[in-house]
Amino acid sequence: MPRTTPRRLAAGLGALLSLSAAPAFADEAEVHYRMCLVHKQASRWEQAAQECREAVRLRPTHAAAQFTLGSVLRQAGRMEDALTAFREAARLDPRNANAHGMIGAILIRLRRPADAIEPLRRACELAPEEATNWSNLGMAYRRLERLEEATTAMQSGLERHPNDMGLLNNLAVVLRQRRMNEQAVILLQQAIERNPNQAELHHNLAIALRASNRHDEAIPHYERALALGQRGTGLLFDLAVSYEQVGQYQLAIETYERFVREIQSQDPAAAQRARDSMQRLRDRL
């Protein structure tokens, strides 16, 4: 049986379409693009990338294929190559808000927040209904320590998406960095009312409460974050400190011990500080 080549597939598909009411024609570039989408749906990233590259080789103006190529390369962890593809997609289709947004998101991931500002501003201008772009714009400003501009960007997003958990959480983090702990607490409490099982919200609320010396209120949120699967030795250490601050010395010792088990191979100095705290508490018991 002869092998079905893309050219034969294109010819066959064109013949079928010519019989339909719509006067459409699928050229060879479009066939490769459709094959790329099939591979992408099945998470076959290398095959998908090959098909998208062939589509844009055959039709260099194929903006959708360029964008999909960027998406595939991003999924494969090839960020610089993905950035190139998204930039080409944005050049071919300047009003593609998703392309501008992905350029910004990748630049943040590549630790180039200053370069991310302009494409993210453009994405927000073109698609103000997309919460992720506002959140990423705020994050870029935050990475640059431009905290007032980060606050403004995220508040602008929340005006359009008042229930978006990512925006609520990220704005609260910025407010806490600005030492506006009470505002952060209120925002996170509102977010938890809508999303009670989000570990990151509980963790950030615990941090904001602890920063306000409200250790007794912070403890249940640290505990809840752990129960929901939040990880990080910093969480354990902060919880141990909070137990210590409210006089629950035995729980503090047990939590410091857990912290030491997890951190001793990575940070012996931090483990020793925790052991010193444990010994001090044992002397009190």
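How close do the axes of helix 10 (residues 165-177) and helix 12 (residues 199-211) come, and at what angle do they cross? The close-ups below start there; note that the model is predicted.

**View 1. Helix 10 alongside helix 12.** The two axes come within 11 Å of each other and cross at roughly 20°. Angles under 35 degrees count as roughly parallel, so helix 10 and helix 12 get that label. As for handedness, helix 10 passes helix 12 in a left-handed crossing.

**View 2. The residues where helix 10 meets helix 12.** Helix 10 brings Met-165, Asn-169, Val-173 and Arg-176 to this contact. Facing them from helix 12 are Glu-200, Leu-201, Asn-204, Ile-207 and Ala-208. Sorted by type, the residues of this contact come out as 5 nonpolar, 2 polar and 2 charged.

View 3. Skip the neighbours within four places in sequence, and Leu-137 is in contact with Ile-117, Leu-120, Arg-121, Cys-124 and Ala-153.

**View 4. Leu-158 in helix 9.** Leu-158 has its place in helix 9 (residues 147-160). Its relative accessible area is 14%, and under 20% means buried, so Leu-158 is buried. Again leaving out neighbours within four places in sequence, Leu-158 is in contact with Asp-164, Leu-167, Leu-168 and Leu-171. Leu-158 and Leu-171 are 13 residues apart in sequence, with 9.2 Å between their C-alpha atoms.

Conventions: Residues are numbered from 1 along each chain as its sequence is written. This is a predicted model: local features need pLDDT of at least 70, side-chain atom pairs count only at pLDDT 80 or more; totals for chains, interfaces and linings use all residues. Side-chain values use heavy atoms; hydrogens and water are left out. Axes are lines fitted to C-alpha atoms, for helices over the stretch in contact, and angles run from 0 to 180 degrees between N-to-C directions. Helices (H or I, at least four residues) and strands (E, at least two) are DSSP runs, numbered from the N terminus. Angles under 35 degrees count as roughly parallel, over 145 as roughly antiparallel, 65 to 115 as roughly perpendicular and the rest as oblique. A crossing is left-handed if the near helix is turned anticlockwise from the far one by less than a right angle, and right-handed if clockwise. Contact means heavy atoms within 4.5 Å. Ala, Val, Leu, Ile, Met, Phe, Trp, Tyr, Cys and Pro count as nonpolar, Asp, Glu, Lys and Arg as charged, and the others, Gly among them, as polar. Buried means under 20% relative accessible area, exposed over 50%, partly exposed in between (1.4 Å probe, protein chains only).
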